[in-house]
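Please work through the exercises below with the sequence and the coordinates at hand. Each task is followed by a stepwise solution.

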Amino acid sequence: MKNRKDVFNFRLLKDVKFSSSGMPIIFGTEYVPKSLISFNYAKTYKNKDVGIHFYIDDYQFERVWNEPFKYTNLLKNFDCVIGPDFSLHTNFPKPLRLFNLYKQRLLTAFWQSKGICVIPNLTWSSLEDLDECLEGFPKHSVIALSTNGCLNKRTKERFLECFNKAIQIIEPLKIILVGEIPTELKNNKNIVQFYSHSKHFENLKKRSKV
């Protein structure tokens, strides 16, 4: 029994509070980072005065769920962390979407219980699932989200519809947006933009050619 692997991370539940439906409750923050890097560079990045985001492919950070204590110790070294962003694609079966949402909320709540400054990650699947995605999510907080893959002709309208509805409900202090800002949100003074993972390296290549 002692050697059985805790694949569902029941060990993380001790200091976490839950909503009536069983979703981990996460707390808000007023903190806005000065700079961000993606998690896949956390082990080798020497400057720890940066925040960590997870707006990259799931396979690059699934390990934080598989080995939560190991990576909690790593994340403690950084300025702050944005909650993980396990995918909630609309073509996923709903139970899988809910499990991925649970994973990101549980890790966020666990990291917060360990004294890490964690900025809540706002994510959703569709307008129909938005209430479930806001279960246990704080109001009047600095929050973060990404527009990666959300601004093509097929998805942009849905993104803006869900974004506007969510913001109306949670009334955030500031919105950390990683990626491109849609034209419709350019005048939103609450948005603080950071480059996406791919855009960051595109800019580095341009500088090296100067």
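The model is predicted: local features need pLDDT of at least 70, side-chain atom pairs count only at pLDDT 80 or more, and totals for chains, interfaces and linings use all residues. Residues are numbered from 1 along each chain as its sequence is written, and side-chain values use heavy atoms, with hydrogens and water left out.

**Exercise 1.** Determine how many residues the largest nonpolar core has.

*Solution.* A nonpolar core is a set of buried Ala, Val, Leu, Ile, Met, Phe, Trp, Tyr and Cys residues joined through side-chain atoms within 4.5 Å; buried means under 20% relative accessible area (1.4 Å probe, protein chains only). The largest such core has 50 residues, and F54 and W111 are among those with the most contacts inside it. A second, separate core of 10 residues includes Y55, C80, I82 and A144.

**Exercise 2.** Identify the buried residues of α5 and their packing partners.

*Solution.* Helices are DSSP runs (H or I, at least four residues), strands likewise (E, at least two), numbered from the N terminus. In α5, the buried residues are F159, L160, C162, F163, A166, I167 and I170. They pack against α4, β5 and β6, with contact meaning heavy atoms within 4.5 Å. After α5 comes E171, with a positive phi near 50°.

**Exercise 3.** State which residues of α2 and α3 meet.

*Solution.* From α2, P68, F69, T72 and L75 meet L107, F110 and W111 of α3.
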